[in-house]
Amino acid sequence: MSLAIDELLLERVDGVRLLGPLSLRLGPGERLGLVGESGSGKSLLVQALFGVLPPGVRQAGGRFTAFGFPLDRPGRGRDQIRGARMAWVPQDPRQALNPLLTLAQHLALLPGIHRAEGSRRALDRLTPLLERLGLPTGGAFLGRFPHQISGGQRQRLCLAMALSCDPELLVLDEPTTALDPLARRAFLDLVLGLQRERGLGFLWITHDLGLAAEACDRLLVLYGGEALEAGPAARLLSAPRHPYTARLLEAARRRPSREAGFLPAPGHRPDGCPFRPRCPDPAEACSAWGPWRGEPHDGLRCERPLEAAAPA
Ligand SMILES: Nc1ncnc2c1ncn2[C@@H]1O[C@H](COP(=O)(O)OP(=O)(O)OP(=O)(O)O)[C@@H](O)[C@H]1O
Ligand SMILES: [Mg+2]
């Protein structure tokens, strides 16, 4: 198993629950999409996986392993996995880039740590990748600092860094938000190409259901830090069963619902199903639902699932 997360629970230091308990599994070469609106805990999950939770947030329960090694305990296995076998493309490139290092120094960073590769050698090896990403490979460009290139170039630099040690698993946190449609297409094609050529698996976090449908085999829908529905991407998008998944799809088709509303802030979430205040048809029993235990591989957590729509 490339990635196994068991009942991960993230809390604010004052005890307010932010994410979980959440479980998921990702096999080699699998393409899992994580969708959910702003504030549902997607980035915190990724930060937990890479050991960079922000101050004020702690892991209060659960465990996770990558390639069989526990990631939430210090150890050689963990150090050899993060950045090498499992790599991260952050939501905000500023999280991964150091303003004092040149682009070349950034690119040589992980190969230096994980492969004891010198800078020259690493850059030579990475040249075809940079070309594929549409990044210049000359010294004039690679000698620049992160603030001297465009936002889209910074995002692609982060992807090149993530790929610099030939990972088996990529965790992508909304990596295409800052890209224009053409660059987004190129980015998607590149990751999907690597997936086909090398069997790269990924956990792709996105708001973009079109992208999720195209890039992912399986989707997990998060709301308020909890999984609400999971299953094959094609099925979820053609016949959603959770009213929240249906709402996401509606919004994606630019027909925002009248009572759209916002995700309640942590600490102000209702008991039971977090979607209850916005649900078009809540049941009495929804307030008694506990978080989804075990792995939501294919199923949903809803008292009143939508009927499968008749084919149009
Ligand atoms: N350092 C922190 N201290 C306290 N609460 C935090 C901290 N960082 C994030 N949170 C809270 O945790 C929740 C989840 O945040 P997270 O960044 O994971 O959301 P997200 O799903 O990635 O949203 P987006 O789509 O906007 O990136 C939010 O309610 C956020 O306010
Ligand atoms: Mg985020």
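Colleague: Which residues are closest to ligand 1, and how many surround it?

Modeller: Happy to start there, bearing in mind that this is a predicted model. Ligand 1 is surrounded by 16 residues, and the closest are Ser-38, Gly-39, Lys-42, Ser-43 and Leu-44. A residue counts here if one of its heavy atoms lies within 4 Å of the ligand. Helix 1, residues 42-49, gives the most to this shell, with 3 residues.

Colleague: What makes the pair between Lys-42 and ligand 1 a polar contact?

Modeller: The cut-off is a pair of N or O atoms within 3.5 Å. A polar side-chain atom of Lys-42 lies 2.8 Å from an oxygen atom of the ligand, so this pair qualifies. Leu-44 qualifies through its backbone: an N or O atom there lies 2.9 Å from a ligand oxygen. In the side chain of His-207, an N or O atom is 3.1 Å from an oxygen of ligand 1, so that pair meets the cut-off too.

Colleague: How much of the accessible area of ligand 1 does the protein cover?

Modeller: On its own, ligand 1 has 640 Å² of accessible area, and the protein covers 70% of that.

Colleague: How do the residues of the shell divide by class?

Modeller: The shell around ligand 1 has 6 nonpolar, 7 polar and 3 charged residues.

Colleague: Which residues meet where helix 3 and helix 6 pack?

Modeller: From helix 3 come Leu-103, His-106, Leu-107 and Leu-110, and they meet Leu-157, Ala-160 and Met-161 of helix 6. By class, this contact has 6 nonpolar residues, 1 polar and no charged ones.

Colleague: Where is the cis peptide bond, and what is its omega?

Modeller: The cis bond joins Gly-20 and Pro-21, with omega about 0°. Pro-21 sits in strand 2, residues 17-26.

Colleague: What is the phi of Glu-7?

Modeller: Glu-7 has a positive phi of about 45°, although it is not a glycine. Its place is in strand 1, residues 3-12.

Terms used:
Residues numbered from 1 in each chain as written. Chains lettered and ligands numbered in written order. Predicted model: local features only at pLDDT ≥ 70, side-chain atom pairs only at ≥ 80, totals over all residues. Heavy atoms only, no water. Polar contact = N/O pair within 3.5 Å; in protein donor to acceptor, adjacent residues only side chain to side chain. Areas by Shrake-Rupley, 256 points an atom, 1.4 Å probe, with all protein chains shown as cover. Helix = DSSP H or I, 4+ residues; strand = E, 2+ residues; numbered from the N terminus. Nonpolar A, V, L, I, M, F, W, Y, C, P; charged D, E, K, R; others polar. Contact = heavy atoms within 4.5 Å.
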